[in-house]
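This briefing is intended to be read beside the sequence and the structure.

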Amino acid sequence: MRKYVDMHTHSTASDGSYTPAELVDYAEQKQAYAIVLSDHDTVAGIAPAKRRAKDCGYGVRVISGIEFSTAWHKGDIHVLGIGIDETAPEFLSELHIFQESRTRRNEKMMARMAECGFPVSEEAKARYFQDSSVTRAHFARFLMESGAVASVSEAFAKYLNPGCPCYVPREKITPFDALEFIRLAHGHAVLAHPMLYHHLTRDELDALVGEMTAQGMEGIETLYSTNTPEEEAFTKSLAEKYHLKMTGGSDFHGIVKPDIDLMTGRGNLKVEKRYLLELLRESASNQTDDSGTIRKSVERSDEKWERSDCQVNGQTGEKMFGLSGK
């Protein structure tokens with residue numbers, strides 16, 4: 001019986017080191033009930049991840065997700081969209097416009113790297129900067145593998161952090177813009193790793209959570225790889241105060257974050273599947289068994305879907321919550 005999920009993972013479609021197929025292979029190896037593929041500002045990895053689960057007949061479910069990088073009070077705020085419809089036309093149109101700003105920023109960073117003596121050849125562009133949502137982690141791996149630095153952390157410290165020679169700030173949306181993106185994708189908005197926002201006081205974080213909840217946010221990531229027991233308790237108190245669903249995830253990136261493992265984080269993380277099912281508004285009687293049969297009765301705002309005996313295998317059932325696998 002599969003009991004645990006990981007609701008926050010990344011692939012090479014953004015800044016992870018596992019391809020979508022490799023990530024699904026690893027999740028199956030670890031006997032995950034489900035993973036949420038939540039790459040930064042892109043849904044490019046979802047289709048190949050689902051295809052891998054389906055083609056291999058895996059038991060792990062692949063849930064469609066995304067993680068938006070936003071800015072608030074001069075710092076980063078990340079917002080997860082879970083159970084999105086990654087094919088929604090209006091969502092994809094707006095996402096494409098947003099992604100163009102990342103492309104412009106990457107071109108400026110490449111120019112600065114050339115000025116610092118690290119020109120990015122066409123071959124390097126094809127290897128490091130194609131077919132993905134390029135982040136500074138891609139530039140860091142390029143610098144490390146080309147011999148300019150000894151590690152990814154050194155690349156950030158010397159060249160890629162704010163104030164360093166190759167850093168270029170990126171145009172960012174607000175957390176409230178992210179909520180609108182997720183609404184267009186018919187997904188569930190969740191505040192990611194709230195205890196990492198050190199630029200906010202606890203009172204400011206509380207206020208932000210309240211404002212985002214009023215604008216449609218449904219969950220907060222309370223179980224997270226780096227949370228201390230006190231931090232976990234604080235995030236749970238926010239969930240209770242604002243009647244939010246609690247979620248959990250490792251924020252797995254592979255070698256980019258070598259101390260964080262899929263499903264277990266730093267060894268102290270266990271996210272029961274009920275957190276995922278509750279976010280997706282399935283009651284205990286509607287939970288999927290290991291044969292893949294599921295009963296759905298889902299109500300979202302003024303819309304209601306009734307689905308029974310859906311096979312969660314990329315045929316029926318996949319569209320609503322992005323489920324794939326047995």
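Lys273 has a relative accessible area of 12%, and because buried means under 20%, Lys273 is buried. This residue belongs to a model that is predicted. The place of Lys273 is in helix 10, which spans residues 273-279. The points below begin with this residue.

- The side chain of Lys273 reaches the backbone oxygen of Arg2, at 3.4 Å.
- Lys273 and Met7 are 266 residues apart in sequence, yet their C-alpha atoms are 9.5 Å apart in space.

**Arg170, a buried residue in a loop**

- Arg170 is found in the loop between helix 6 and helix 7.
- With a relative accessible area of 11%, Arg170 is buried.
- Which residues does Arg170 touch, not counting those up to four places away in sequence? They are Asp41, Ser69, Phe98, Ser101, Arg102 and Arg105.
- Between Arg170 and Asn106 there are 8.8 Å in space, C-alpha to C-alpha, and the two are 64 residues apart in sequence.

- Asn227 lies in the loop between strand 6 (219-224) and helix 9 (229-242).
- Is Asn227 buried or exposed? Its relative accessibility is 9%, so Asn227 counts as buried.
- A polar atom of the Asn227 side chain lies 3.0 Å from the backbone oxygen of Thr222.
- When neighbours within four places in sequence are left aside, Asn227 is in contact with Met195, Thr222, Glu232, Thr235 and Asn268.

**Helix 9 and its buried side**

- Helix 9 has 14 residues. From its first C-alpha to its last, helix 9 reaches 20 Å, close to the 20 Å expected at 1.5 Å a residue.
- The buried residues in helix 9 include Glu231, Phe234, Thr235, Leu238, Ala239 and Tyr242. They cover an arc of only 145 degrees around the axis, and therefore they lie on the same side of helix 9.
- The face turned away from this buried side carries the exposed residues Pro229 and Glu240.
- What covers the buried residues of helix 9? Helix 8 (202-214), strand 6 and strand 7 (245-249) are included in that covering.
- His243 follows helix 9, and the phi of His243 is positive, near 55 degrees.

**Nonpolar cores**

- The largest nonpolar core has 67 residues, and Phe68 and Phe91 are those with the most contacts inside it.
- Which helix gives the most to this core? Helix 7 (residues 175-184) does, with 5 residues.
- Phe91 is in contact with Val43, Ile66, Phe68, Ile84, Asp85, Glu86, Phe181, Leu184 and Ala185, leaving aside its neighbours within four places in sequence.
- Another core, of 20 residues, lies apart from the largest one. Among its residues are Ala124, Phe142, Tyr159 and Val168.

**Aromatic pairs**

- A pair of aromatic rings is described by two values: the distance of the centres and the angle of the planes.
- How many aromatic pairs are there? The count comes to 8 aromatic pairs.
- The ring centres of Tyr26 and Phe252 are 5.9 Å apart and their planes stand at 45 degrees, so this pair is tilted.
- The pair links distant parts of the chain, 226 residues apart: Tyr26 is in helix 1 (residues 20-29), and Phe252 is in the loop between strand 7 and helix 10.
- Tyr26 counts as buried at 15% relative accessibility, and Phe252 is buried with a relative accessible area of 2%.
- Phe118 and Tyr159 form an edge-to-face pair, with 5.2 Å from centre to centre and 85 degrees between the planes.
- Phe118 lies in the loop between helix 3 (89-115) and helix 4 (122-128), while Tyr159 lies in helix 6 (residues 152-160), so the pair ties together parts 41 residues apart in sequence.
- Phe118 is buried, with a relative accessible area of 17%, and Tyr159 counts as buried at 17% relative accessibility.
- Tyr18, Tyr26 and Phe252 form one aromatic cluster.

Terms used. Residues are numbered from 1 along each chain as its sequence is written. This is a predicted model: local features need pLDDT of at least 70, side-chain atom pairs count only at pLDDT 80 or more; totals for chains, interfaces and linings use all residues. Side-chain values use heavy atoms; hydrogens and water are left out. Helices (H or I, at least four residues) and strands (E, at least two) are DSSP runs, numbered from the N terminus. Buried means under 20% relative accessible area, exposed over 50%, partly exposed in between (1.4 Å probe, protein chains only). A polar contact is a pair of N or O atoms within 3.5 Å; within protein, one must be able to donate a hydrogen and the other to accept it, and residues adjacent in sequence count only if both atoms are side-chain atoms. Contact means heavy atoms within 4.5 Å. The expected span of a helix is 1.5 Å times one less than its number of residues. The arc is that of the directions from the helix axis to the C-beta atoms. A nonpolar core is a set of buried Ala, Val, Leu, Ile, Met, Phe, Trp, Tyr and Cys residues joined through side-chain atoms within 4.5 Å. Rings of Phe, Tyr and Trp (its six-membered ring) pair if their centres lie within 6.5 Å; planes under 30 degrees apart count as stacked, over 60 as edge-to-face and the rest as tilted.
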